[in-house]
Every structure is written in structure tokens, then in C-alpha cells.
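The sequence and structure come before the commentary.

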Amino acid sequence: MEQHCLQKVITPLLFVLIFGTSFESKAQNNPQAEPKSSFWQKVQIGGGLGLGFGSGFTNISVAPSAIYNVNQYVAVGAGLQYSYLRQRDFYNSHLYGASVIGLFNPIEQVQLSVEVEQLRADVKTDNAFYNGISDNFWNTGLFLGVGYRMENVTIGARYNILFQEDKGVYGDALMPFVRVYF
């Protein structure tokens, strides 16, 4: 069943990527098209999408971001994030916020990162034991990461040095990531 759901998500994404790429290549061949400024030639757009469904569980996440390539070694950027999580008969939460990221590529295949993330968490319990308790708080993360880079995709892990067990929105200080910028 998971493979079927994954296929439903991947097929439209591939269509958009292929369809969008064909328009971009035609626009590049247009002699009347205005050339991009040098600033916009160094900007890359990317981010992440997440969908998770299970027996009474829902997780939806949208995290667009953009980076500016200062040179071949350094990039800086910013991003937004929104996540909705729900466990039926237990809790639901909304997380939203922003982040600032710095990327360093000492060699082409290795990417080091530092990221500051500020999230607002709005959590409400649905469980009778907790009697509908609500909790609203800010969560700050300072992540140091390392990844293997292949052109515009980086796969790696990041560590939240501000992580405190039983506090905040994450269950662990170490988290895997996949970054994609176009």
C-alpha cells in the first residue's frame, strides 16, 4: 500500500519536472528573452515536501527555501516551514516558522551546513487522560550538518546542538536530511 501511495505522489511530481523543464529550455532559446541579472543566476530554489499517513496518523510538511551561491564554496539562504501532525484520539499539532542556513562545500562532493531554525508549536491533546490540554511554545534549533553532494542533491545528517530531551518538537538531536535545489 505504501508503494501505491508513493507512486501516486511521484508520478505527478515527475510530470511537473519534465513539463517545467521543457518550458525552461524553450525560454532559453528565445533570442528576445532578457538575460538574468548576475544575482538571479546565483539563486537556487528548493525545499522539501513530506506526507505520512498511517493507522490514525497524519503528517503533512511543506518547507520551501532558497539559497544564494556566494561562490563555488559558500551559499547562504532562508526557508519557511509548516507541518501538521495528528494522532487520532491523542493529539494534533501545527508547527510553523523560518530558518536561515549557511552551506560550505570544501570539495564538490562534501557539504557542511549550519542552520538556525525558529518554530512555533501549537499542540492540543485529544486524549481524555490529558483532558484537552493545549501547549503553545517557540522551539529554537541550531543544526550542524554534513552531507554527500551530487550536483543539486545533498544527502546527509544534521545534529541539533540545542536539543533537550523531553522539550521541544523533535524526538532526537540527530536527523537525516535530503536537500534539493534547482
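Predicted model: local features only at pLDDT ≥ 70, side-chain atom pairs only at ≥ 80, totals over all residues.

**Rings, charges and core**

Phenylalanine 39 is partly exposed, with a relative accessible area of 40%.

Residues are numbered from 1 along each chain as its sequence is written, and side-chain values use heavy atoms, with hydrogens and water left out.

The structure holds 4 aromatic pairs. Rings of Phe, Tyr and Trp (its six-membered ring) pair if their centres lie within 6.5 Å; planes under 30 degrees apart count as stacked, over 60 as edge-to-face and the rest as tilted. The rings of phenylalanine 39 and tryptophan 40 have centres 5.0 Å apart and planes at 85°, so this pair is edge-to-face. Ring pairs also bring in Tyr68, giving a cluster of Phe39, Trp40 and Tyr68.

Phenylalanine 143 and tyrosine 170 form another pair. Their centres are 5.9 Å apart and their planes stand at 80°, so they too are edge-to-face. This pair links distant parts of the chain, 27 residues apart. Phenylalanine 143 is in strand S6 (residues 134–150), while tyrosine 170 is in the loop between strand S7 (153–160) and strand S8 (174–180). Phenylalanine 143 is buried, with a relative accessible area of 1%.

Charges meet rings as well. A charge sits over a ring if NZ of Lys or CZ of Arg is within 6 Å of the ring centre and within 35 degrees of the ring normal. Arginine 158 lies over the face of phenylalanine 143, at 3.7 Å from the ring centre. Arginine 179 has its charged end over the ring of phenylalanine 177, 4.0 Å from the centre.

Arginine 179 also touches isoleucine 101. Contact means heavy atoms within 4.5 Å. Beyond four places in sequence, the contacts of isoleucine 101 include Ile67, Ala75 and Val114. Which residues make up the largest nonpolar core? There are 5: Ile67, Ala75, Ile101, Leu103 and Tyr181. Such a core is a set of buried Ala, Val, Leu, Ile, Met, Phe, Trp, Tyr and Cys residues joined through side-chain atoms within 4.5 Å.

Now the whole chain. Buried residues make up 25% of the 182 residues. The protein has 2 helices and 8 strands. Helices (H or I, at least four residues) and strands (E, at least two) are DSSP runs, numbered from the N terminus.

How values were computed:
Buried < 20%, exposed > 50% of the residue type's maximum accessible area, 1.4 Å probe, protein only.
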